[in-house]
Each structure stands twice: as C-alpha cells, then as structure tokens.
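Look at the structure below and test each label against its cut-off.

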Amino acid sequence: MARPEGITFRGDNYVPDWGVATAPIRYSYTFKIPDTLTDDNIETIITAVGGTIVDKDSKGIPCDAEGFPWSPRKLVFWFEGGKTVSIPVPDKVSIVATSNAIATVLGLIAPVVCVSLEGETWNNIIDELPAPATAIVPTPIVIAESPAGQKELSYVGSMVYDTDGTKELNKAFKMATDVADAPYAVYADAIDDCLVAGGGINTSQSRCPGFRGKSFEHRRFRVVMQQSRRIVEGDGGGAESTVGLKKSAMLVPMTSRLNADIRTCAIALRDVPATLCLGYRGEWDKRFSSKNPAALP
C-alpha cells in the first residue's frame with residue numbers, strides 16, 4: 001500500500017492567545033509528510049505539539065472541521081529548496097522551544113533554513129470570553145455630521161510591541177476614529193488596555209532569505225461596531241439621506257503578548273455597548289527564526 005501524502009491528528013489542548021476559553025478548543029489538522037520522514041519522526045513532531053494521530057477511518061473529522069470559524073496558529077518550516085511544512089502549535093508559551101524541537105526532526109531529511117509564524121484567526125470571540133457581570137445594552141455611536149468629501153479620520157501613533165517570541169519592536173499603528181488625533185471616545189479606555197507598552201526597541205537587521213513585501217503583521221482585534229449616522233441612498237437626483245444604523249469596523253492593535261493582557265483588552269472592547277462582533281488575529285512573522293535564533297537547532 002502506498003504511503004499517504006498526509007496524516008491527520010487532533011487535540012483538545014489548544015490555548016488561544018487570550019489564555020482562557022469557555023470550553024476546551026478542539027482542532028484537527030492534516031500534516032503533509034515530507035519524503036523520507038519516518039513514522040517515529042512523525043510521532044515525535046505530533047507529540048511536540050500535544051496532538052494525537054487519528055485513524056483514517058475515524059468518525060468526527062468532518063464535524064471538527066465545521067462550526068469552527070477560526071484557524072489555529074501555525075509554525076511554517078522552510079527548507080533550502082523553498083518547500084515548507086506547516087504545523088499548528090496549540091500553546092505559544094514555549095513556542096520557540098517547540099519550533100526548535102520540530103526543526104530538529106525535520107532537519108534529519110533536509111536543513112531547515114527559516115521558520116515563519118502564522119497567528120490564529122477568529123471571526124468572533126465574544127462567546128469565548130467570560131460572560132459580563134450584567135447584560136450589556138447595545139448602544140450605537142452617534143456620528144456627527146461631517147463636511148461632504150471629508151476623508152475618513154484615523155487615530156495614529158507608535159507603540160512598543162512585544163512579539164510572540166522574545167523581541168520588542170517599535171511599530172506604528174492606525175485605526176478608524178470620528179475625531180482627529182484621538183480614538184472614539186467610548187473606546188478610549190478599552191484601547192488604553194490594548195496599547196500596553198514596555199521594554200526597549202529592537203533594531204535587529206537579521207533576515208531570512210526569499211521574502212519580499214510585508215513580512216510582519218502585529219496581533220490585532222477587529223471591532224465591528226454599530227453607529228447612528230446619516231446614510232445616503234440612491235444616486236443623482238433621486239438620492240435621499242436619512243439618519244439610521246450602520247455597521248463600521250475598526251482594527252485595534254494588541255501590544256502585549258501575555259494571555260491576561262490580551263484577555264483584558266478583549267473584554268474591554270467587548271464591553272463597549274457599540275460593539276457587535278469582535279474578531280481577532282494573532283501575530284504573523286515570516287522571519288520568526290531571525291528574531292528568535294533559538295527557534296532553530
């Protein structure tokens with residue numbers, strides 16, 4: 001019998017970036033098997049992330065894949081020829097050591113020259129957070145009239161950002177707002193919880209080969225909020241405007257890597273009455289091993 005191209009494994013040990021979920025988070029993943037990797041090597045890699053190999057005839061894999069509008073964080077291992085192997089990492093607390101352990105095994109077949117990090121993605125985490133002490137009454141943000149043709153306003157600045165590895169970076173941020181040089185007033189306190197700063201500035205110029213364009217994206221929340229504003233319908237002479245409810249989105253950066261800080265930020269954003277949905281995306285870093293040399297053997 002021919003060897004399968006991939007092997008499926010699952011686990012229930014996934015820890016989201018904010019550290020605590022309302023129930024265990026299960027995941028399943030199909031690992032593409034590189035040539036010449038032995039069964040013992042595969043077992044070692046899956047054990048390193050706390051997963052369990054699933055029999056090919058096992059029930060439940062399609063059910064696991066449905067109803068989870070999210071993708072787990074993953075480490076991507078790059079070989080010299082440009083081929084990659086992607087492995088989900090349920091817990092990022094020891095992510096550098098986990099990367100080293102997996103790269104050591106993969107290095108038995110070919111040198112691993114670089115490791116990338118792809119952060120987890122969630123469409124809406126509100127149901128995953130601890131319930132509020134009292135019910136939150138939805139309240140839209142009232143948007144004042146603005147001159148015709150005025151550009152959308154943004155709140156911009158810089159932050160000291162803790163990467164998921166060991167480095168700190170000085171990064172710019174930009175988010176939507178309704179006033180110049182300040183965040184939405186009702187979100188100001190919550191945004192302060194998200195822009196947690198501390199530590200120095202990293203100036204490393206190390207690079208992994210082969211990447212062009214954007215190679216790093218900080219973790220961020222996507223707040224979908226409700227606004228009360230003037231809405232124009234129709235065009236030309238038939239256009240009419242009325243004041244009504246409209247959805248708007250805002251990206252809020254999360255500077256701290258700590259689970260507790262991410263959870264505090266998420267709850268603060270969730271508790272603003274204008275918030276309808278709260279998406280989240282973890283850190284993406286194509287040059288993860290350049291910032292964290294210990295990620296490679």
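The questions that follow concern a predicted model.

Q: How do you know that the span of helix H3 agrees with its number of residues?
A: Helix H3 covers residues 95-106, twelve in total.

Q: Which residues of H3 are buried, and what do they pack against?
A: The buried residues are Ile95, Val96, Thr98, Ser99, Ile102, Ala103, Val105 and Leu106. They pack against helix H1, strands E5, E6 and E7, and helix H6.

Q: What makes up the largest nonpolar core?
A: This core has 66 residues. Tyr187, Phe221, Met250 and Leu269 have the most contacts inside it. H3 gives the largest share, six residues. In soluble globular proteins, nonpolar side chains tend to be buried together.

Q: Why is Asp271 called partly exposed?
A: The class lies between the cut-offs of 20% and 50%. Asp271 has 33% relative accessibility, so Asp271 counts as partly exposed.

Q: What makes the pair of Asp271 and Arg270 a salt bridge?
A: The cut-off is 4 Å between a side-chain nitrogen of Lys or Arg and a carboxyl oxygen of Asp or Glu. Here the N to O distance is 2.5 Å. The pair is therefore a salt bridge.

Q: How do you know that Glu283 and Arg219 form a salt bridge?
A: Their closest N and O atoms are 3.3 Å apart. The limit is 4 Å, so the pair qualifies. Glu283 lies in the loop between strands E15 and E16, and Arg219 in the loop between E12 and E13, so the pair ties together parts 64 residues apart in sequence.

Q: Are Glu283 and Arg219 buried or exposed?
A: Glu283 has a relative accessible area of 1%. Arg219 has 0%. The limit for buried is under 20%, so both are buried.

Q: What distance separates the closest N and O atoms of Asp164 and Arg219?
A: These atoms are 2.7 Å apart, in a salt bridge. The two residues are 55 residues apart in the chain.

Conventions
Residues are numbered from 1 along each chain as its sequence is written. This is a predicted model: local features need pLDDT of at least 70, side-chain atom pairs count only at pLDDT 80 or more; totals for chains, interfaces and linings use all residues. Side-chain values use heavy atoms; hydrogens and water are left out. Helices (H or I, at least four residues) and strands (E, at least two) are DSSP runs, numbered from the N terminus. The expected span of a helix is 1.5 Å times one less than its number of residues. Buried means under 20% relative accessible area, exposed over 50%, partly exposed in between (1.4 Å probe, protein chains only). Contact means heavy atoms within 4.5 Å. A nonpolar core is a set of buried Ala, Val, Leu, Ile, Met, Phe, Trp, Tyr and Cys residues joined through side-chain atoms within 4.5 Å.
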